[in-house]
Amino acid sequence: MKISVLGAGVVGTAAAYYLARDGHEVTVIERHPGPAQGTSRSNAGLVSPGDATAWASPAALKTFIQSLYTPGLGIKVRPSLDPMFLKWCFRFLFQCTEARAKANTEIKLRLALYSRLCINEISQETGIAYDELKRGILYFFRSQQSLDAGARHMGFLGQHGLELEVVGRERLVALEPALASAAREIAGGVYSPMDQTGDSAKFVAGLAAYSTAKLGVKFAFDTAVMGLETEGERVTGIATSRGSFACNAAVISLGPESGLFGGKLGLDLPVYPVKGYTVTVPLNDPAKGPTMGGVDDDRMLAYSRLGDRLRIASTAEFAGFDRSFKPSDFASMFKTAKDLFPGAFDEAKAELWAGLRPMMPNSVPVMGRARYQNLYLDTGHGHVGWTMACGSGKFLTDLIAGRKPEIDPSGLVYRN
Ligand SMILES: Cc1cc2nc3c(=O)[nH]c(=O)nc-3n(C[C@H](O)[C@H](O)[C@H](O)COP(=O)(O)OP(=O)(O)OC[C@H]3O[C@@H](n4cnc5c(N)ncnc54)[C@H](O)[C@@H]3O)c2cc1C
């Protein structure tokens, strides 16, 4: 089948790889001049089933409301009358019960664990190097109270297949010697040895190159998708800034823009952008940098070691499609990172970035057929899209082929 994949982020590129391996003739259509120039360009780098907890929860509800009137929190909400935003908030609030939080988390964890196997299979098959580290991730907490709460929450992941170890300060420093000087500020943590880290932009660039050379995937860059061409119940082509691309099927993987695009087609696809900030900085002294990924839970800061670079990420901000940033947006991230890893890097050398998480109200991505007989979705991966992309691509490829997916599909298949 001739399939157009819309969007060359990590999600679209992984789907294109699996579809091409399944014998399809695949063209990826992307507005940027290369792959991974949207959200997949510079995320925190965590391939982290350990971070699969859904955002919507009773605790998140409190933080969300608090953020409306408290500046300086890791979550920032710019109140807006945008109907898309209001609808998203309403649906998010509906997900903030204990029962919904657990159900959504279980679905995400199932996909994240599967996806971890998929990314490792791909990297073995293709040999793509992406500054990967398979040493686990440390989730740590500043007070005993937050450690207890964090261990309790993560315990749910432990009951559903994730290996976890609750660690005190001493064990934490043994696992991550770079945290030694900050350890007195840390009560303890949860170590997730199955988690790993890596540079998603490098991975996507490598996968796009491999898929082009070995699987015949075509990438149409500098090409903006404008709409679908349809005949009755079928999509027949993609209307773009460079003319029409005929196809027998299409996959929407437009990241944060998927909701807008889906809305124009009449789909119920509440993907909304949630902004975050990252810095990437070379390590002055590699020995002072972390040896694995980490999450400073109370400061809402995540980091990963990408070769001799440190990637730091923070903040969840509701600011529409605004991707702009200014130096002051990064001040508290730098302060926390310098406290954690004193002398490891020079702030002046940092590359600053902001991007938009493609967030569903329940944090669960959507895959499967939508509205037309040959239109498919693979989108809405939110805060863990790097973690879930490869598994999603394989899952969708199985659905398109009419095969039984390798994981339980409940909760993952789109229903309009
Ligand atoms: C600060 C931050 C930190 C994060 N940290 C992590 C992490 O540690 N681990 C993790 O798993 N996830 C993380 N994420 C989330 C993860 O990065 C995303 O979920 C993932 O990158 C989404 O991939 P995507 O392919 O869906 O979207 P994108 O990468 O945005 O790809 C969509 C593509 O569609 C293209 N496009 C859009 N509209 C059009 C159009 N009209 N025509 C043509 N092309 C179009 C865009 O240009 C883009 O290239 C983080 C996100 C942020 C913002």
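Predicted model: local features only at pLDDT ≥ 70, side-chain atom pairs only at ≥ 80, totals over all residues.
Which residues does leucine 93 touch, not counting residues up to four places away in sequence? The answer is Leu61 and Phe64.

**Leucine 93**

- You will find leucine 93 in helix H3, which spans residues 83–94.
- Leucine 93 counts as partly exposed because its relative accessibility is 39%, a value that falls between the 20% limit for buried and the 50% limit for exposed.
- Between leucine 93 and valine 384 there are 20 Å in space, C-alpha to C-alpha, and 291 residues in sequence.

**The nonpolar cores**

- As a general background, nonpolar side chains tend to be buried together in soluble globular proteins.
- The largest nonpolar core here has 46 residues, and those touching the most other members are Val5, Val26, Val28, Phe203, Val251 and Leu412.
- Two or more residues of this core come from each of strand E1 (2–6), helix H1 (10–21), strand E2 (25–29), H4, helix H7 (200–215), strand E13 (249–252) and helix H10 (385–401).
- Back in the largest core, leucine 412 is one of the residues that touch the most other members.
- Leaving aside neighbours within four places in sequence, leucine 412 is in contact with Ile107, Arg110, Leu111, Val364, Pro365, Val366, Met367, Phe395 and Ile407.

**Tyrosine 17 in helix H1**

- Tyrosine 17 belongs to helix H1, and it counts as buried because its relative accessibility is 1%, where the limit is under 20%.
- Not counting residues up to four places away in sequence, tyrosine 17 touches Ile122, Glu125, Thr126, Leu207, Tyr210, Ser211 and Leu215.
- Tyrosine 17 and threonine 212 are 195 residues apart along the chain, yet their C-alpha atoms are separated by 9.0 Å.

**Strands E1 and E2**

- E1 and E2 run parallel and are joined by five bridges.
- Within this pairing, isoleucine 3 stands opposite valine 26 in E2.
- E2 is largely enclosed by the rest of the structure because four of its five residues are buried.

**Strand E14 and its two partners**

- One partner is strand E18 (residues 351–359), which pairs with E14 in the antiparallel sense over nine bridges.
- Proline 273 has proline 358 in E18 as its bridge partner.
- E14 is also joined to strand E17 (residues 309–318) by seven bridges, and these two run antiparallel.
- In E17, serine 314 is the residue that stands opposite tyrosine 277.

**Two residues with positive phi**

- Threonine 315 is not a glycine, but it has a positive phi of about 80 degrees.
- Threonine 315 sits in strand E17 and counts as buried because its relative accessibility is 10%.
- Alanine 36 also has a positive phi, of about 55 degrees, although it is not a glycine.
- The loop between E2 and strand E3 (46–47) holds alanine 36, which counts as buried because its relative accessibility is 2%.

**The second largest pocket**

- By class, twelve of the lining residues are nonpolar, five are polar and four are charged.
- Helices H3 (83–94) and H4 (98–126) each supply at least two residues of the lining, and H4 gives the largest share, three residues.

Definitions and conventions. Residues numbered from 1 in each chain as written. Heavy atoms only, no water. Nonpolar A, V, L, I, M, F, W, Y, C, P; charged D, E, K, R; others polar. Pairing = 2+ DSSP bridges. Core = buried A, V, L, I, M, F, W, Y, C linked by side-chain atoms within 4.5 Å. Buried < 20%, exposed > 50% of the residue type's maximum accessible area, 1.4 Å probe, protein only. Contact = heavy atoms within 4.5 Å.
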